[in-house]
Amino acid sequence: MPTNFVRSSCSLRPDWCLRCVIVRPADSPPPATDAAYLARLAQITEPFGVTHTGVAPAEVLSRARTAIDDRLRRGLTDGMQFTFRNPSRSTNPRRAVPDAQSVFVAARPYLLDDAPRPKGVQARVARYAWVDHYAPLRAALRAVARRLRADGFRAVAFVDDNSIVDREVAQLAGIGWFGKNANLLLPGAGSWFVLGCVVTTAALPIHQQPVEDGCGACRRCLDVCPTRAIIEPGVIDATRCLAWVLQKPGTIPVALRELVGDRIYGCDDCQEVCPPTIRFGPSNRAPAQDAPKAWLSVLELLTCSDAELVAQWSPWYLADRDPRWIRRNALVVLGNIGDSSGEVQDVLREYLVHDDPILREHAEWAAQRLCMQRLGVDEVPA
Ligand code: B12
Ligand code: SF4
Ligand code: SF4
């Protein structure tokens, strides 16, 4: 039983806290934070499905700051909050952990076996949202943070949190390169990865060599994006990116509705066509998961209760956690791929008199589009 106790230093730096007390004798020096120590931290993450790790310096992320300011200035963020709300915080790891020395970064693959499309009117979910891949990554990084704190360092884990720009620290940690589709591509593995990190006062060995650009002359992602949202290599116009269009509050612009196709949440097109991701993705799969939700019945989404919708989709980001944005998306999908069955007509009839004016308007659009499709008309004549 140790006789001396030292306080761990969590980010709040309390004078006294039972939860933060650690049982390391005060006279034992912190361990060397060398390559062997780093390898042990990486080992901690493996059982959680993490395949790639690296270390970035805990310095101000000036390139990301410039990019964020540029996107804001050019009106490309469309009211997104995330890392854009407080850029000086999200681009400075030392705002999260004062005196931080390094950022331990981890990447976890999320590619799962393709799921066949069930019968009926089915909406497509983007691959990263088939199951909650952030939860195991968060568990991995929290385990690393606990190890670091037990060794006397301060450490805080972040996964898809607004406190830090994940792709930027991952690139600086030597995990991959910025693709023209803006995603971080891992050499020999592609981009089907979620990212997270631990900001720490431990001076871990920092990665020195950036990964070389692997896009070369390719520009498939720019050409295939259904809404032309990749306006320059690496620059996304969120007002047109379907991933944001399906998450944001309010009305989906009429000009984008047909392009939504059968998507209910997220968009994968700029990754599905990416040659390194096609080539290497399949050998970098996520651990098998039970019942991934790759397809959702549109009619069920439109007829179940709000409570059921929220309970089922709690890991998804939805503005204000409001289930009506899922219903709005479902109405657009129904307009695009619905059939003339009685069930579809019943559901549409219900939404055409809905109390919510946004849902009513999307139902009107869907009804009009389905009629036009049946008449073989693509556009309302001017
Ligand atoms: C806001 C956000 C979005 C927004 C905006 C995306 C964007 N490109 O900015 C929306 C909602 C559209 C979105 C969509 C998606 N997202 Co998102 N998103 C975020 C979030 C919360 C913040 C991103 C951010 O700060 N962007 C700021 C801008 C300035 O950064 P950037 O566009 O990446 O710009 C960088 C490049 O321009 C680069 N750069 C600088 N100079 C140059 C020059 C060239 C030539 C190039 C190529 C690059 C380059 O430096 C910039 C700064 O790092 C992060 C989580 C986080 N906390 O970081 C997840 C995150 C980026 N998203 C993620 C995912 C999975 C997605 C989707 C694939 C989900 C989906 N299937 O629908 C799509 C992909 C869309 C796309 N092509 O980018 C992952 C990306 C993983 C990866 N391997 O890259 C992240 C990291 C979440 C996570 N923790 O795993 N997302
Ligand atoms: S996620 Fe879809 S809409 Fe957004 S840039 Fe990629 S292909 Fe375009
Ligand atoms: S599709 Fe081509 S240009 Fe786009 S990210 Fe992939 S390799 Fe780079």
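I call a residue near a molecule if its C-beta atom, placed from the backbone, lies within 6 Å of it. This is a predicted model, where local features need pLDDT of at least 70, side-chain atom pairs count only at pLDDT 80 or more, and totals for chains, interfaces and linings use all residues. Residues are numbered from 1 along each chain as its sequence is written, with chains lettered from A and ligands numbered from 1 in written order.

Ligand 2: I found 13 residues around it, the closest being Cys225, Cys241, Cys267, Asp269 and Cys270. Helices α8 (242-245) and α10 (269-272) each give two or more residues to this shell. My helices (H or I, at least four residues) and strands (E, at least two) are DSSP runs, numbered from the N terminus.

Ligand 3: the residues around it include Lys180, Cys215, Cys218, Cys221 and Cys274. Here α7 (220-224) and α11 (275-280) each supply at least two residues.

Strand β3 (residues 52-57): I see five of its six residues buried, meaning 20 or more other C-beta atoms within 10 Å of a residue's own, all placed from the backbone. β3 pairs with β4 (residues 102-109) in the antiparallel sense over six bridges; DSSP must find at least two for a pair. Thr53 sits opposite Ala106 of β4.

Helices α1 (residues 35-45) and α5 (residues 134-150): their contact (C-beta atoms, placed from the backbone, within 7 Å) involves Leu41, Ile44 and Thr45 of α1 with Ala140, Ala143, Val144 and Arg147 of α5.

Technical notes:
A residue is buried if 20 or more other C-beta atoms lie within 10 Å of its own, exposed if 12 or fewer, and partly exposed in between; C-beta atoms are placed from the backbone. Two residues are in contact if their C-beta atoms, placed from the backbone, lie within 7 Å.
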